[in-house]
Amino acid sequence: MLAGQFKDWYGITFPLQAWTNILVTERYNHRETEPKWQAFWEQNQSFRAVRDEARPKYYVLEMFPYPSGRIHMGHVRNYTMGDVIARFRRASGYNVLHPMGWDAFGMPAENAAIERGVHPKGWTYANIATMKAQLKSMGLAIDWSREIATCDPSYYKHEQAMFIDFMDKGLVERRTSQVNWDPVDHTVLANEQVIDGKGWRSGAVVEKRELAQWFLKITNYSDDLLSSLDRLTTWPEKVRLMQKNWIGRSEGMRFSFDLEDEAGQLLKDKLSVYTTRHDTIFGASFCALSADHPMVKSLEADSPAIATFRKEVAALGTSEENIERAEKKGVPLGIYARHPFRAGVRVPLYAANFVLMGYGEGAIFGCPGHDQRDWDFATKYGLPILPVVGPRDGAAVDVSQGPYLEDDASKVHIINSDFLNGLSVEDAKSEIANRMEEMKIGERRVNFRLRDWGVSRQRYWGCPIPVIHCETCGVVPVPKKDLPVTLPEDVTFDKPGNPLSHHPTWKHVNCPKCGGKAQRETDTFDTFIDSSWYFARFCSPAAPMPVDPSDARYWMGVDQYIGGIEHAILHLLYSRFFARAMRDTGHLGMDEPFNALFTQGMVTHETFKTLEGEWVVPAEAVEMDGKWTHAKTGEPLVVGDIEKMSKSKKNVVDPDDIIATYGADTARWFMLSDTPPERDIEWTTSGVEGAWRFVQRIWRLVQEAASATGSADGTSLRRTTHKAIAAVTDDLENLRFNRAIARIYELSNALGAGLQGGTDAAAVSEAAKALVLLSAPMMPHLAEECWKVLGVEGTVVGTPWPKADPKLVIDDQVTMAIQINGKRRDEITVAKGLTKDQLEPVVMALESVKRLLDGKPIKKFIVVPDRIINIVC
RNA sequence: GUGGGCGUGGCGGAAUGGUAGACGCAACGGACUUAAAAUCCGUUGGGAGAAAUCCCGUGUGGGUUCGAGUCCCACCGCCCGCACCA
C-alpha cells in the first residue's frame, strides 16, 4: 500500500505555470539527497569523537541492538531520539560521543543454527551488516569508528580478564544451587529471566534443578545499589522504584526456637526463622517450613506424608496461576517449637507450600491474627488465632472473619502480650530484639530479596567462562596471557544441550598449574554480562585493557541513556553492579554509569484480521469508504486493537519501506511529532503523510525565502523566530521533542505568512535559517539541502546552534485577561510590567468592566504581573 | 493483593495554581485546475443568538483558593510493575 503510492510522480519536475510568477519548485527528492549527505558526513568524519580536555563532553547512548536480522520501528524511534540529542548537543558546543555497537551473543543465533543449519557467527555478522546499512540509511550522527560487537574476541577477551579480576576480588562464587532450568532452551535462567514461572525467551515452564554454577556476588552491593538510587534523580521514578522493590530490603530479626518432640523431649536441632514482625511473637500459633527446608528433607525418608507433600509442591511449579489458585497447605512434622517467652507453651511445626526456601531462613513463625496467609493456614488446620495488636482506643478486635491489619502504626498498640502490652509496634520490636539478643537466641538482621547473579549458561554462542577444572588443582583461572579463550567454530547443533561440551577436543586441555590433564569450563556467560560494561568500552574501543582510564575519566558517565522500560531491572541493575565491581578491581573510576536515563514508549499499530482470524500485515490492508479489505484477495478485514508492533500479530511496518518511500527525515520527524517520547506512539499512514508534507513545505518555504524581496515591517516575524529559538532549545534540552516540533510548525506558519505579506527580506531570511537550523537535529538531510538553497557558507553540521536575542523574546506589550470573580470577561493589551496601581484605573474605566460590575463595590483587585487581572466583588 | 501512573475536542496531544484545547491529524467550505493531485485561504469543544454576546465544559462528587485540568479527600474507569518476601 505504501510503496508505489507516490511512485508515479516521484521526482517529476512540475512545469512553470503561466498564471503565476511564483517559482514552482521541484519536489524535494530524498532519494538523491539523503545518500548524498550521508556520504558527505562519512567522508568528512563529521561525527568522529576525539577526546579534547578543553571542551565539555556529552555522551549520549541508546541501548545497543541485538542483531536479530533487520531493524524495526522501535529501533527507529530509539535511535532517532538519541540522534536528535547528539546533533543538538553537538551544535550547542559539546564534544559529543555517540557510538553504536551490537549485543551479538545470544540464543536466536543458535536457534537459527539449529533450525536452518547456518553457523551462529555467520548468521550474526550477516545480520550486523544488514542492520548497519539500515541504521546508516537513517542518517544517524554516529561515530562508526567505535563500533563494537560483543561476540568479537577483541571484546570478550576483556570480559574474561575482568572475570578473573572479579574472582581475585572475591566477587565470584561457584556453588551448587537450585537453578531455574529452561527445558526448551536447555539452559539455566537467572531469577530475573523467569517471568510468571516461564522462561523469558522460550516461554516454557521452568523446572528446578541442582547444578554447579558460577555466581557474581551482586548481593555484596545490595545496600549500595539501593541507597544510591536516591542519587539518580534524573532517572524515571518508576525505574528507581522497580529497582528498589527488586532489591527488596527489609529490617527484621533472625532467631531460633528450641524444639521438642511430641512427648516434650528437647531436641538437639533448633529452628531458625526470619521475621519483620517480632512484636507479634505472642500471637505465634505455628511455625511453617519450606518444603525444601533441610529439616523437612531429612524427615522425608521416614514419613510418606511428607514425601508426598514434597512431591506435590514440586509439581505445582512456580507459575503465577498455580500460586494464585493454590490453597495454603501443609503437613505437621510432629515437632514443636518452644515459645521463647512463655514457659511451657509450644507451637507445632508444619511443612508448608507458601514458604520460600530462597528467602530469609526458609522458615517462619505464623501469627494468624495479623497476616492473611497465616490466617488462611490457621483456619484450615484449626490452629488458635490470637490478636496481639489492637486499636489504641481499646476497641475489641475481631479476628474470626480475617486478620486485623492496620497500616497506621499510630493507631494501634500491643495487646495480649505480657511485658509488651501497651507498647507501640516499633517499641515492641525493639524490646523483643533486645531481649533476644541478651538471651543470645537471635539478632537484628537486614534481609534482601536480591539474589546473587547466576551467570552460567549451557550454550555455545556466548563468551566462554575462562576457567579450567583440574582434578588435582581444582578450579584454575585461565592465565591472562592465554586470553581470550575463543569459541571453536567447528561445532554441531544436532543434539540438545551445549555444543561446547559435545566438541571432541576443545575442552581437553592441560592444567595451567600442574600441567596435568584438565577440562575447560564449557559453560558460557549470560549475555547480560556483555551488555553490562559496553558503555565503558565505547570510550576506548581498541584499548589493550578493558577500559583506558584516561578515556573513561573524560567520557564517562553516560550523560543521556535511552532505551526501553523492559530493561528497567535486569540490564540497568547489572550495569550498576558491574560499574561497582569494575571500580573495585581498578577498571573504572565511578559507580553509577548512567547520569540520566530516559525510557521511551513503544511503537504501536492497528491490527488487521481476516474473518477467519488470520492476522494481516498493514501493507496489505486497504481502506475503501471506511471498510477494510485485503489488497490481494479482496476479502473483508476486521480492524482490531492498537497494539505493540509484533511479528506474531503482523502489525509491523518495515522501516526500509518507509525510508524508501518517504525518506529518513520524514520517518524521524513522524517519530518525534505529537506523542510525548515516553508514551506509546501509534504509527499511522496519515501521520507519516503529514510529516512528509511538512518536509515538502519546508523545502518550498526555503526556496521562496531564498528569493524573497519584501520590505514590510519584519519585527513580528523576528519576534516569532527568536521565541521559537528559545522554546525549541529549552524543549530539546528537556527531551520534549513533540513540543519542539509544535514550535517549529508555528515558526513555519509565521514564515509562510511573512512570505505572503511581503515581509522584509532580511527578517524572512533570518526566519528561514532558524527554521532550517532548529529542524536540523530531526531532519538532518533536508536541513543540509536547504542550507545550500539559502546560499549560506558551509554546512549545517558545521554551524552552531542559533541563539535567541533576549530583546526579541520578551514582548514589550502583553495581553492580560480580565477576570471578574475568577471568570474571564475581557482582555486588555498594555505595556509590559505595569503595576496594580497603574492598571487599576485603566481597567476600571473599561466599558465591559463597568457594565459587568454594575456599580457593585470592589473587594479585591488582584494583579498577576503581565498575566491576569482578577476583580473580586 | 500490592506499589505506581493516567483520565482534556472525532484522534494524537498543549497548558511554572492565572485567557483550557497551542501544534499536528482528520473533517468540512472556498480559491486555483478541463479534471485530479499538490498547494493556498478559511471553519471546526457543546449549546443559544442575525450579531454583539452569553451559558456549559478537562472521568464523578466534595474541599482549599481571588482563581483549580493542575493542589487535597473520596469514588469510578483504564494502563503498567511486582506477586505467597515472613
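The axis of a helix is a line fitted to its C-alpha atoms over the stretch in contact, and the angle between two axes is taken between their N-to-C directions, from 0 to 180 degrees. In the structure described here, which is a predicted model, this description applies to helix 3 (residues 107–116) and helix 4 (residues 120–137), whose axes come within 8 Å and cross at roughly 120°. The crossing of helix 3 with helix 4 is right-handed. On the side of helix 3, the contact is made by Pro 108, Ala 109, Glu 110, Ala 112, Ala 113 and Arg 116, while helix 4 contributes Pro 120, Trp 123 and Thr 124. By residue class, this contact comprises 6 nonpolar, 1 polar and 2 charged residues.

An open sheet is formed by 4 strands in the order 35-34-37-36, with mixed pairing. In general, the strands of a sheet pair through backbone hydrogen bonds, in either a parallel or an antiparallel manner. The parallel sense is found between strand 34 (residues 813–820) and strand 37 (residues 868–872), which pair over 4 bridges. In one of these pairings, Gln 819 has Asn 870 of strand 37 as its bridge partner. Helix 26 (residues 836–844) packs on the sheet and touches strand 34, strand 35, strand 36 and strand 37. The direction of helix 26 makes about 120° with that of strand 36.

Particular backbone geometries occur in several loops. A cis peptide bond, with omega about 0°, joins Leu 483 and Pro 484. Pro 484 belongs to the loop between strand 22 (474–477) and helix 13 (499–502). Another cis peptide bond links Met 556 to Gly 557, with omega about -10°; Gly 557 is placed in the loop between helix 16 (549–555) and strand 26 (560–564).

Positive phi values are also found in residues other than glycine. Asn 416, in the loop between strand 17 (412–414) and helix 12 (425–439), has a phi near 50°. Lys 440 lies in the loop between helix 12 and strand 18 (442–447), and its phi is positive at about 60°. With regard to accessibility, Asn 416 counts as partly exposed because its relative accessibility is 36%, a value between the limits of 20% and 50%. Lys 440, with a relative accessible area of 74%, is exposed.

Notes
Residues numbered from 1 in each chain as written. Chains lettered and ligands numbered in written order. Predicted model: local features only at pLDDT ≥ 70, side-chain atom pairs only at ≥ 80, totals over all residues. Heavy atoms only, no water. Helix = DSSP H or I, 4+ residues; strand = E, 2+ residues; numbered from the N terminus. Left-handed = near helix turned anticlockwise from the far one by under 90°. Contact = heavy atoms within 4.5 Å. Nonpolar A, V, L, I, M, F, W, Y, C, P; charged D, E, K, R; others polar. Buried < 20%, exposed > 50% of the residue type's maximum accessible area, 1.4 Å probe, protein only. Pairing = 2+ DSSP bridges.
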